[in-house]
Structures are given as structure tokens and as C-alpha cells.
Protein chains: 2
Amino acid sequence: MDEVKVIEIKQSVFKNNDERAERLRNELKEKGVFLLNLMSSPGSGKTTTLKATINALKDKLRIGVMEADIDSDVDAKKIAETGVKSIQLHTGGMCHLDADMTRQGIHSLNTDDVDLAILENVGNLVCPAEFDTGAVKNAMILSVPEGDDKPLKYPLMFSICDAVLINKIDVLPYFDFDIEKCKGYIYKRNPNAKVFTICAKSGEGIEEWADWLNNEVTKWIK
Amino acid sequence: MDEVKVIEIKQSVFKNNDERAERLRNELKEKGVFLLNLMSSPGSGKTTTLKATINALKDKLRIGVMEADIDSDVDAKKIAETGVKSIQLHTGGMCHLDADMTRQGIHSLNTDDVDLAILENVGNLVCPAEFDTGAVKNAMILSVPEGDDKPLKYPLMFSICDAVLINKIDVLPYFDFDIEKCKGYIYKRNPNAKVFTICAKSGEGIEEWADWLNNEVTKWIK
């Protein structure tokens, strides 16, 4: 618990991020590693969702986690409790990770014994959407208390995500959140998005999401 | 309602943001205008809090609002319902506003008949904290569903805010959120922070916050 490995990520000096992301993705393909980039705003339940996802998949896949955080190591400690390999990436105030920063993380994590590497990106709905990290799939979490209008306000994030997890559905009775309306906004931005409704705390809906992810990983690494 | 003025903000080319922020603040002081910079993550209730604040103060102060948003004009329309002057600032994907971008907004708003100008910044706990906008005071909202650990994870934002509003206290029974623990984390980052607990939707706690703000404005513009 006290031995979380903390990596200080250096800001990239490279301008050709898309090209470098594509190169990282190709290298991961060759090594048989699937990289998932998980994004959301602060407090939407990324770490809890990640723990539930790990528990659903750790007997099927070898998992490694990179927790990107500006400063603390709160999240990496929580992930370490699941027993999977995890490291903390400190971004030194940076609001996103690009492909080169992700590569630094992948290198430190050491993916020789990993099928599924998960990057928990910085909590932010704006900047992370603008940088291809080299991930095979992007996923994001929108929690019920944030409101069903978020796809209208952060369109880029919703348009680049392959999967959208609507989390904290246990508190639907206490918020004005219309799931069907929200799905409509998401599909308007991104007709191919897979939308899952979950409660990470209770585990509701996690199986369907984990099955989808497992299927994507299996296709990639076979 | 359909006549929300939308301003396309241009990205600044200036490197000396702190100096430009100080200059804007001095100009506002001369003109007798108080600028409040309101920040939070997406979905914490900025617009609802702003509406409640406006309703509490609009008979005492002449208010003007700048709604910064990446793309939509959802928020400016809601503010227009309160009857105060409001404009929408489109940041074109930018994740924050700096002093020069704020100056463009102030110019478009026209503050000749404004005592209190409020900038609703882009929903983001990272980047907006790094840029002095020229505001007299910074305030932020943390909503209960986001979790009481956020001051640990976004320390810069909490350290630069004069006031922290803990919002959505009506849903405290449904979340693991310890107000005293959260206050402790905030004071650790920022011993001088004023912390208010509110429910913007019901109006609970708004009077105390509005009184504090009114007092700050009156000191500044007298």
C-alpha cells in the first residue's frame, strides 16, 4: 500500500502527436497489449468504476493500471488494493496526457505481462479529448449528478469516445436526469457510441460493460 | 431569449498574463466594477448557483454575466431569464480564460452600467486555476457528488479561490461526503478560504454567500 510507484511525467516537446499516437498503437498491437484511455470530469467515479471493472476481468485478463493525477497518489493506492499492477503518473499540473507522456507511463508500467493496460486520465472533460494517447479505445464516464446536458456542452469528448458509461444511476431519483434524453444527445454527437448505464458502487451494469471491454481486448490481442 | 449575444474569443498571444491581469484589475477598480471569476468542474451547479446569486443581489447591485463555454449557449439563455445583462463567450475549444480573453469579454459586455461582473469560467478544475483572469475575487463550487477528497486532487484550484461553495447539500444522505473532513482539506490548502455550504436549487445557504459577495463588491466599488 505504501509502495505505489510514482512517475513524474515530462511534458512532451513533440508537435506530431497524432503520428506518435499511431506509432504507439502499432507497437502495442505487436506486443499484444490493449490500451484503454478512461476519461471523465472530477468526481464522476473513475476510480470506483475502474476497481469494479478490474474485479470483473482480473481472472480473464492480465491488467495493469496507470493513474494519471496532478499531484496525489490517492487513486493508485485504491487500485493497488485490487491486487493488479498499478503506477501513479504525476503530470506536474498538466491537464492531459498525450501519446509521448502515455509512452513514458507504458514504459514504467512494463507491459510484458499485461493484456489490458488502462490509463486513468486527468479528471477533465476538455483537454484530454484533444490528444490521442495511442489508446485502442477511449471510454468516458458521465455521472448522473453532472446533468444530462453534458454532451451538448463538451461535444468533442463525447464524439471521440467509443464507450460512454452513465454512472451513479442509484441516485437518479434525486436528480433531474433523463437517461433517454442524454442518450439522444450522445448519439447526436457520436452515432456509434456504446452507452452503458452503471452503478459502480453496487456493481449494477458492470458485467455488460466488462463483457464489451473483454471482447474488444480479445479481438485486439489474438 | 433567442437574442443571446455570442462572442468568439480569440486565443491570446501574450506571454505576460500576470501583468495583463493586474492591469485589467486596476482598470476595473477605476471604473468601479467588481469582477468575480466563478469556477468548478462540469455539472457542479455553476449556472444554478449563479441564478440564485443574481436573484439575491439584483436589487442591490447592477449585475452583468459572461458565460464562457466551449460551444453551446445553454447557460447564457438560463441567465437571461433572470433579467440581468448576459453574454456568451465561445472559447473555441480552449479550456480556460486568461486576462486578455477576459478583457475581450468585459469589452463586449460593456460594464458602464455594471457594479458586479461575473465570469462563469469553463467547467474544469485544472487549467482555469493557472491563469489570473484579472478578477478581484475567485470563487469555486464543489458539489457533494464529486467527493470530499477533491481538495487533495486539485490543490491549485482550491488554493487560489477566496470562496469555496459546497453545493448540492440536499443529497448529502446519498453520498459518502464528510463536510468537516472536506473543510479540513480546503483549509490545509488555503487557510483563508471562506467556505459556504449551499443548495443552489432550494436556495439554502445562498443568503450568507450573497452577503459576503455584496460586502466584497461594496468595499471595492466605493
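**Salt bridges**

I counted salt bridges over all chains of this predicted model and found 22. I used this rule: a side-chain nitrogen of Lys or Arg lies within 4 Å of a carboxyl oxygen of Asp or Glu.

I looked up Lys85(A) next. Lys85(A) forms a salt bridge with Asp113(A), and the closest N and O atoms are 2.8 Å apart. Lys85(A) sits in strand 4 (residues 85-90) of chain A, while Asp113(A) sits in the loop between helix 4 (99-109) and strand 5 (116-120), so the pair ties together parts 28 residues apart in sequence. I took helices (H or I, at least four residues) and strands (E, at least two) as DSSP runs, numbered from the N terminus.

I then checked accessibility, where buried means under 20% relative accessible area, exposed over 50%, and partly exposed in between (1.4 Å probe, protein chains only). Lys85(A) is partly exposed at 29%. Asp113(A) is partly exposed at 42%.

Asp132(B) is in the loop between strand 5 (116-120) and strand 6 (137-143), Arg25(B) is in helix 1 (residues 17-31), and the two are 107 residues apart. Asp132(B) is partly exposed at 26%, whereas Arg25(B) is buried at 13%.

I also noted a network of salt bridges in chain A that links Glu22(A), Arg25(A) and Asp132(A).

**Interface**

I turned to the contact between the chains, meaning heavy atoms within 4.5 Å. The contact takes 32 residues from chain A and 32 residues from chain B. The two chains bury about 2,500 Å² between them, 59% of it on carbon and sulfur atoms. That area is the accessible area (1.4 Å probe) that two parts lose on being put together, summed over both. In chain A, Pro42(A), Lys153(A) and Tyr174(A) lose the most area to chain B, together 23% of what that side buries.

How many salt bridges cross the interface of chain A and chain B? I found zero.

**Confidence and conventions**

I checked the confidence values last. The mean pLDDT of chain A is 92, and 95% of its residues reach 70 or more; pLDDT is the predictor's confidence in each residue, from 0 to 100. The complex gets an ipTM of 0.78 and a pTM of 0.86 from the predictor.

Residues are numbered from 1 along each chain as its sequence is written, and chains are lettered from A and ligands numbered from 1 in the order in which they are written. Local features need pLDDT of at least 70, side-chain atom pairs count only at pLDDT 80 or more, totals for chains, interfaces and linings use all residues, and side-chain values use heavy atoms, with hydrogens and water left out.
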